[in-house]
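Please examine the sequence and the model shown here before reading on. The paragraphs below then lead through the fold and its local features.

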Amino acid sequence: MAWGAPLLALPLMVPGSGIGGFTLLGDASPSRYLDAQGQPVDAQGNPVSVNGSLPNGDSIGQQLLADAGNPDALNGNAGLPSGPLGIPGSALKAYTRAADHLAATQPGCNMHWSLLASIGRIESGHARGGNVDVAGYTRAPILGPVLNGAGPVAAISDTDGGAYDGDTVWDRAVGPMQFIPSTWQGYASDGNGDGDRNPNNIYDATLGAGRYLCSGGLNTADPQQRATAVFRYNHSDSYVRTVLSWAEAYAGGVHPTTDHQGPILAAPQAPSGGGAPGEVPLPSVPPSSDPTAPPSTSNPPSSSNPPSSSIPSTTNPPSSSNPPSSTNPPSSTPPETTTPPETTPPPDCVTPEPGTTPEPPAEGEPPLCEDTSSEAPTTP
C-alpha cells in the first residue's frame, strides 16, 4: 500500500464560525495527566490511552510488530470489505484536510488520511455517521465513560470545568476522536480555521489526532512505527490490528456518503477487557424509522384497518355476495317463519259457509263440522 497523497482530491470547505473557546476551570491541572513526552497518564503517572482506557499491555507485542506490514497477517485472514468503501462526506474531508496540513507542517511523519479515518471509525463511527454541522461541530455530544477508575478506565478528575464533557467532577473522552480533555490540551488544533480549538469539532479533533500520532518524530510510512503510533493512541494490540487493517482497506479506495442528519442520543459504552472501548456502530435511527417499510410500521391494511380481518365476508365479492350463505334475508327468515303450510296443521273438519247447503265431502277430504249454532235453540 502506498502511504502517500490522498486518493481523492476533495474541494476545500471553509466552514463558518463555531463555538467560542473555553477557559479551564477544573481543580486539576491538565499537565498533571501528561508525562514528559506528552503522553496521557493517570494521577500516579501510569500510562493510559488517549480515551482514558487502561492499558491492555505494557508494550506493543513483538508479533504485532512483525505483522505490521502484512495486511493478511494483521487481520488473521478474516478479510475486510472490499472497496470502494463509504465514509461520510464531512468526515472524509476532515481526514484528508488533516493529512494535507500535516504533510506541510510535519512532512517527516508521512501521515496518510486512511490511518486517521480508521481511528475515526473505531472511536466514534466517523462522528456518528457524519452527524456534524457545517462547521464540523457534532450535533450531539459523543462522550466516553466517566473516568472515575471504576472498571477498565483510569481515574482522571475534572480538568476542564465540564466545558467539553459536561462533567465537573471527572473527565470523559469527548468528540469524534475521543480525547481526554487533559490530553487535548497538549494537542489542541484548529482544523477548520474558525479560531477555536475544540475536540467536539471533527476538523479540530482529526488534526489533533494526527499531531498526536506524529509526535516523537515517528514516521508512519514505516509499518512498525505506524503500529507504534497507534499503540500509543490506545494500548491494545487488538486495537492496533483493527486500525491498521481498516486503514489498509480505506487506502484501497473510498467514496463520500451522505452525512447523517439528526441527534444521536446513545453515548459510547464503557470499554471492556481493559483495552479499547470497542467500535461504535453507525446510527440505527434511519433503519428503525425507515418510511419505506410501511407494511410493518404504518400500513393501515396490515395493522389497524378492520377490512383486513373481515374481507371474505364484507368486501370480497366472491365470498360476500352469495345470498344463501351470508346476507340474503329471504333465505333465512321468510321460508322458515311465515309460510302457513310449514307452520299451521291441516283442519280436522270443514265448516260450511252460512246460508249454503253443504255437500258431502269427497273421498280423502275432511268431514263437515257439526253445526252447533243450529242445535243450541233446540236443546231442552
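Residues are numbered from 1 along each chain as its sequence is written, and side-chain values use heavy atoms, with hydrogens and water left out.

The protein chain contains 18 helices and 4 strands; helices (H or I, at least four residues) and strands (E, at least two) are DSSP runs numbered from the N terminus. Of its 380 residues, 41% are buried, where buried means under 20% relative accessible area, exposed over 50% and partly exposed in between (1.4 Å probe, protein chains only). The accessible surface of the chain is about 19,000 Å², and carbon and sulfur atoms account for 55% of that surface; these areas come from the Shrake-Rupley method with a 1.4 Å probe, and for residues only the protein chains shown count as cover.

Confidence is expressed as pLDDT, the predictor's confidence in each residue on a scale from 0 to 100. Its mean over the protein chain is 74, and 59% of the residues reach 70 or more. Residues 4-27 have pLDDT below 50, and this stretch has 52 contacts in the model beyond near neighbours in sequence. Residues 266-346 also stay under 50, with 83 contacts beyond four places in sequence. Where pLDDT is low, the predicted coordinates should not be read in detail.

In soluble globular proteins, nonpolar side chains tend to be buried together. A nonpolar core is here a set of buried Ala, Val, Leu, Ile, Met, Phe, Trp, Tyr and Cys residues joined through side-chain atoms within 4.5 Å. The largest such core has 57 residues, of which Ile-87, Met-111, Trp-113, Leu-115, Leu-213, Tyr-233 and Tyr-250 touch the most other members. The elements that each supply at least two residues of this core include strand E1 (85-88), helix H3 (89-105), helix H4 (113-130), helix H6 (202-214) and helix H7 (223-233). A second, separate core has 7 residues, among them Tyr-33, Ala-154, Ile-156 and Ile-180.

H3 has 17 residues and reaches 24 Å from its first C-alpha to its last, close to the expected 24 Å; the expected span of a helix is 1.5 Å times one less than its number of residues. The buried residues of H3, including Ala-91, Tyr-95, Arg-97 and Leu-102, pack against E1, H4, H6 and strand E4 (254-257). H6, with 13 residues, reaches 18 Å, close to the 18 Å expected. Because 12 of the 13 residues of H6 are buried, this helix is largely enclosed by the rest of the structure. Its cover includes H3, H4, H5 and H7.

Which side chains form a salt bridge? Those of Arg-241 and Asp-67 do, at 3.0 Å from N to O; a salt bridge is a side-chain nitrogen of Lys or Arg within 4 Å of a carboxyl oxygen of Asp or Glu. The pair links distant parts of the chain, with Arg-241 in helix H8 (residues 237-251) and Asp-67 in helix H1 (residues 62-67), 174 residues apart. Asp-67 is buried, at 11% relative accessibility. The structure holds 1 salt bridge.

Ile-60 lies in the segment before H1 and is buried, with a relative accessible area of 12%. Ile-60 and Phe-231 are 171 residues apart in sequence, yet their C-alpha atoms are 6.6 Å apart. Leaving aside residues up to four places away in sequence, Ile-60 touches Leu-65, Ala-227, Thr-228, Phe-231 and Asp-237.

Asn-110, in the loop between H3 and H4, has a positive phi of about 55 degrees although it is not a glycine. Gln-178, in the loop between strand E3 (172-174) and H5, likewise has a positive phi of about 55 degrees without being a glycine. Asn-110 is partly exposed at 33% relative accessible area, whereas Gln-178 is buried at 3%.

Technical notes:
This is a predicted model: local features need pLDDT of at least 70, side-chain atom pairs count only at pLDDT 80 or more; totals for chains, interfaces and linings use all residues. Contact means heavy atoms within 4.5 Å.
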